[in-house]
Amino acid sequence: MTTIVTKTLLFVMQGLCFFMLTVAAAYAKEADTELSDRQKAIIPIAALTAKGNTQALEQALNDGLNKGLTVNEVKEIFIHSYAYAGFPRALNGINTFIRVTEERKARGITDKTGTEATPVPDNYNANTVGHKIRNDLVGRDISNRTTGYAAFVPTIDTFLVEHLFADIFYRDVLSVKDRELVTISMLSAMTGVEAQLTSHMKLAQRVGYTNSQLREFSQILNETVSQGSAIRAQKILTDELNIAMSDTNIATVTVNRDRSATMGATDKFTGNAKITSRFTSPVSSHYRGAMVEFEAGARTAWHTHPKGQTLIIISGKGQVQQEDNEAKSLLPGDVVTIPPNTKHWHGAAPDSSMSHIAISTPDNGETVTWIDLVTD
């Protein structure tokens with residue numbers, strides 16, 4: 001009798017363990033169909049760096065740090081980006097990040113530094129390491145190609161192997177999976193690189209990104225970077241990877257309830273000005289804007305906009321002044337039109353707070369040129 005009970009209990013326990021493992025696997029698979037907050041934060045940082053849109057990059061960097069990216073992980077995105085987008089875009093991104101970190105420190109925010117890259121061993125051979133990493137990534141040995149660019153210009157292949165796939169990919173601040181996400185984000189933001197984007201989309205699948213995650217990737221591009229980048233990504237996902245996009249429509253009406261705030265930098269604003277509710281047109285390079293709330297007496301520095309600006313006064317009393325002209329008073333409901341490349345400032349009246357919606361159109365990714373602070 002005891003033996004029968006024991007065998008029965010053992011059978012039940014085995015069945016329960018199998019059930020629990022099956023459920024756990026199902027949940028793991030389900031969880032893997034969505035990108036993590038950290039992965040979602042990587043996408044716009046990499047893409048906006050490649051586009052050269054440093055103004056939007058500021059918000060993406062703040063969001064990324066708020067969502068748990070470490071300072072060293074963000075630095076590593078820029079290190080990786082220069083190999084695909086070039087030194088100028090990478091350096092502009094780094095300088096933008098310097099400003100963001102300094103502003104966050106001034107506001108009392110302490111961001112996690114994160115780990116450093118593991119030093120290379122004494123017997124490190126970049127050529128050997130690079131070939132191994134690239135071969136593992138593509139799933140076959142392509143070390144001795146006799147056709148294509150590698151045969152035509154072997155020096156560039158040596159640079160790719162020894163620098164990109166060895167020196168950069170070897171750095172473990174970002175995983176190989178992270179680096180593929182950075183790469184497809186940058187390539188989606190750039191025009192004329194569809195062949196490279198196709199290759200790296202396939203590699204993204206190979207390193208573990210699911211179809212659902214790649215659909216979500218294109219949606220995040222649409223929401224945070226541009227419609228054009230999302231269209232490029234979706235076309236390749238559909239045409240080359242046969243991923244159905246019927247449940248991901250980039251032409252949907254969206255409601256933005258992002259109330260995350262940043263304070264105007266001290267070299268761009270006098271007094272306290274809070275910037276919230278940022279928005280961007282779904283049409284690339286069409287318009288972008290935000291709500292700006294000025295405390296009494298706060299104002300912008302002198303600045304210009306390459307394609308002009310529109311201000312819609314929401315509350316309070318304010319002022320706007322063009323260089324060599326008298327200041328004009330502003331009241332709720334007023335609409336201010338500022339011509340392109342016109343030096344001006346705007347802000348709250350000395351005795352009242354003021355808030356407005358500011359709308360401008362980018363030119364080559366830039367919407368404003370800051371000059372100097374307005375004196376009392």
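Guide: Start with helix α3 (residues 54–66) and α4, which pack at an angle of about 140° with their axes 10 Å apart. That angle makes α3 oblique to α4. Keep in mind that this is a predicted model.

Visitor: Which residues of α3 and α4 make the contact?

Guide: Leu57, Leu61 and Leu65 come from α3, and Val71, Val74 and Phe78 come from α4. By class, that gives six nonpolar residues, no polar and no charged.

Visitor: Is the crossing of α3 and α4 left-handed or right-handed?

Guide: Right-handed.

Visitor: OK, next pair. At what angle do α4 and α5 cross?

Guide: Roughly 160°, and the axes of α4 and helix α5 (residues 87–106) come within 7 Å. An angle over 145 degrees counts as roughly antiparallel, so α4 and α5 are roughly antiparallel to each other. α4 passes α5 in a right-handed crossing.

Visitor: Which residues meet between α4 and α5?

Guide: On the α4 side, Val71, Val74, Lys75, Phe78, Ser81, Tyr82 and Ala85. On the α5 side, Phe87, Arg89, Ala90, Gly93, Ile94 and Phe97. The residues of this contact divide into nine nonpolar, two polar and two charged.

Visitor: And α8? How do its axis and that of α4 sit?

Guide: The axes of helix α4 (residues 71–85) and helix α8 (residues 154–168) come within 11 Å and cross at roughly 160°. That makes α4 roughly antiparallel to α8. Here α4 passes α8 in a left-handed crossing.

Visitor: What does α4 use to meet α8?

Guide: Ile79, His80, Tyr82, Ala83 and Tyr84 in α4 meet His163, Leu164 and Ile168 in α8. The class count is six nonpolar, two polar and no charged residues. Tyr82 of α4 is also listed in the contact with α5.

Visitor: Change of topic. Where is aspartate 172?

Guide: Aspartate 172 is in the loop between α8 and α9 (176–189).

Visitor: Which residues does aspartate 172 touch?

Guide: Leaving out residues up to four places away in sequence, aspartate 172 touches Glu116, Ala117 and Thr118. Aspartate 172 and glutamate 73 are 99 residues apart in sequence, yet 9.7 Å apart in space, C-alpha to C-alpha.

Visitor: Where do they sit?

Guide: Asparagine 242 lies in the loop between α12 (227–239) and β1 (262–263). Asparagine 341 is in the loop between β10 (335–338) and β11 (344–348).

Visitor: Is asparagine 242 buried or exposed?

Guide: Exposed, with a relative accessible area of 66%. Asparagine 341 counts as exposed as well, at 57% relative accessibility.

Visitor: Now zoom out. How many helices and strands are there?

Guide: The protein has 12 helices and 13 strands. Of its 376 residues, 43% count as buried.

Visitor: How much accessible surface does the protein have?

Guide: About 20,000 Å², with 55% of that belonging to carbon and sulfur atoms.

Visitor: What about contacts along the sequence?

Guide: Take contacts between residues at least 6 apart in sequence: 71% of those join residues at least 24 apart.

Notes
Residues are numbered from 1 along each chain as its sequence is written. This is a predicted model: local features need pLDDT of at least 70, side-chain atom pairs count only at pLDDT 80 or more; totals for chains, interfaces and linings use all residues. Side-chain values use heavy atoms; hydrogens and water are left out. Axes are lines fitted to C-alpha atoms, for helices over the stretch in contact, and angles run from 0 to 180 degrees between N-to-C directions. Helices (H or I, at least four residues) and strands (E, at least two) are DSSP runs, numbered from the N terminus. Angles under 35 degrees count as roughly parallel, over 145 as roughly antiparallel, 65 to 115 as roughly perpendicular and the rest as oblique. A crossing is left-handed if the near helix is turned anticlockwise from the far one by less than a right angle, and right-handed if clockwise. Contact means heavy atoms within 4.5 Å. Ala, Val, Leu, Ile, Met, Phe, Trp, Tyr, Cys and Pro count as nonpolar, Asp, Glu, Lys and Arg as charged, and the others, Gly among them, as polar. Buried means under 20% relative accessible area, exposed over 50%, partly exposed in between (1.4 Å probe, protein chains only). Accessible areas come from the Shrake-Rupley method with a 1.4 Å probe; for residues, only the protein chains shown count as cover.
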